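Please consider the protein shown below. The questions that follow concern its helix packing and its pockets.

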Amino acid sequence: MTSVLFICKGNINRSAIAEYILKQMLNNDPAFYIRSSGTTAAFGSWGSKATKTMRNLAVAKGVPDLENHRAQLTTQELIESSDHVFYMDKKNQRKLKKMFGDAFVDEHCKMLGGEEEIPDPMGGTAEDFEKAYAMIHQACEKFAKTLKR
């Protein structure tokens, strides 16, 4: 089984939608274990749903399972138990390094967009959410092509 972990700040927008986009791209294949988490309990406590804006966008894009998402905290165990770990931007990288150390993060994690950061749409416009979704979708599509099925 191949495991993938997506990380962002609060696990209520970017990492959440990345999890469900990749699951859908892989047709919920049980050979892949895909999860997401956040580095901070932003805008509420752990166990929160994805934001209403992201849930509505997900439905509009055909990703209805996001309704079932609940935010969780990134732990060292989550990272170590994952074959592929992706964060969204350099702020996430800095927070992860603060939490787990530079060497650990450099060894286990990389940015989903390669060199391109996926900006946090929280507090932004509908267009900001659309842009983040499009960037995540494109990066997931590229990553999915590398996975062996």
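Q: Which residues in H6 do Thr53, Met54 and Leu57 in H2 meet?
A: This is a predicted model, in which local features need pLDDT of at least 70 and side-chain atom pairs count only at pLDDT 80 or more, while totals for chains, interfaces and linings use all residues. Residues are numbered from 1 along each chain as its sequence is written, and side-chain values use heavy atoms, with hydrogens and water left out. Helices are DSSP runs (H or I, at least four residues; strands are E, at least two) numbered from the N terminus, and contact means heavy atoms within 4.5 Å. On the H6 side, the residues met by Thr53, Met54 and Leu57 in H2 are Phe129, Glu130 and Tyr133.

Q: Why are H2 and H6 described as oblique to each other?
A: Axes are lines fitted to C-alpha atoms, for helices over the stretch in contact, and angles run from 0 to 180 degrees between N-to-C directions. Angles under 35 degrees count as roughly parallel, over 145 as roughly antiparallel, 65 to 115 as roughly perpendicular and the rest as oblique. Helix H2 (residues 52–60) packs on H6 with the axes 11 Å apart and at an angle of about 55°. The two helices are therefore oblique.

Q: At what angle do the axes of H1 and H6 cross?
A: Contacts to H6 are made by H1 residues including Ile17, Ile21 and Met25. The axes of helix H1 (residues 14–25) and H6 come within 9 Å, and their crossing angle is roughly 45°.

Q: Which element gives the most to the lining of the largest pocket?
A: A pocket is an open set of points on a 1 Å grid over the protein atoms alone, where a 1.4 Å probe fits, with protein on both sides within 12 Å along at least five of seven lines; lining residues have an atom within 4 Å of a point. The largest pocket is lined by 14 residues, with Ala139 and Lys142 among those nearest its centre. Strand S4 (109–111) and helix H6 (126–144) each supply at least two lining residues. The greatest contribution, 5 residues, comes from H6.
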